[in-house]
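Morning, everyone. I have one structure to walk through today.

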Amino acid sequence: PLCLYVSSSAVLVRYAAGDYDTVIDLCRHLIDMDARYGFSLGRRLLGAAYLQVGRTREALGEMETAVREFREPVLLAWLAHARAVTGDKAGASSLVKELAAIGQTRHVPAYHFALAHVGLGDVDTAFAALEQACLDRDPHLAQVAVEPRFIPLRSDPRYGQLLARLGLDRQGRPHDAHAS
């Protein structure tokens, strides 16, 4: 319970399982533990969990705080997604442009660009970013089957193709190549 990384893993598992109330409680604990270390995952996941339960004002507040405190490209992408799905498409588009500019001088994971584009409803660009994430061998792709923010992509045939390419089923479990 006192290790940020182990506690973060527990939060990620609960988030993937859709247990957002537990995620909110665990993230508050992470943020309390994290005061000295500058570990952004607690605020990022707290914002995402708030978004999933419809607490949009709190979601935006947590993500904006995280962006101010840490100024990481991933946080900008998550904030862009949150702004887009809460109706601030112009603000989200501005953040995506900022991310693209940052990407000229530093790595911005394509997986997170995909999240921002899903929020904006730009499915083709989201899939293009996920394709780039595959080429980059982005470890975050392991979460694509269980990340609730990708639900808008699930009815598209490209989503099933992506999961097959990654060797995952729709619950995020690896395919058994020998199963009948």
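Start with two helices. The axes of helix 3, residues 41–52, and helix 5, residues 73–85, come within 11 Å and cross at roughly 15 degrees. Helices here are DSSP runs of H or I, at least four residues, numbered from the N terminus. Axes are lines fitted to C-alpha atoms over the stretch in contact, with angles from 0 to 180 degrees between N-to-C directions. Helix 3 and helix 5 are therefore roughly parallel, a term for angles under 35 degrees.

A word on the source. This is a predicted model: local features need pLDDT of at least 70, side-chain atom pairs count only at pLDDT 80 or more, and totals for chains, interfaces and linings use all residues. Residues are numbered from 1 along each chain as its sequence is written, and side-chain values use heavy atoms, without hydrogens or water.

Which residues of helix 3 meet helix 5? They are Arg-44, Leu-45, Ala-48 and Leu-51. Their partners in helix 5 are Val-74, Leu-75, Trp-78, His-81, Ala-82 and Val-85. Contact means heavy atoms within 4.5 Å.

Next, Phe-150. Setting aside neighbours within four places in sequence, Phe-150 contacts Tyr-111, Ala-114, Leu-115, Val-118, Leu-130 and Val-144.

Last, His-117. This residue is in helix 7, residues 110–120. Is His-117 buried or exposed? His-117 counts as buried, at 12% relative accessibility. Buried means under 20% relative accessible area, exposed over 50%, partly exposed in between, using a 1.4 Å probe and protein chains only. Beyond four places in sequence, His-117 touches Val-96, Asp-122, Thr-125 and Ala-126.

Terms used
Parallel < 35°, antiparallel > 145°, perpendicular 65-115°, else oblique.
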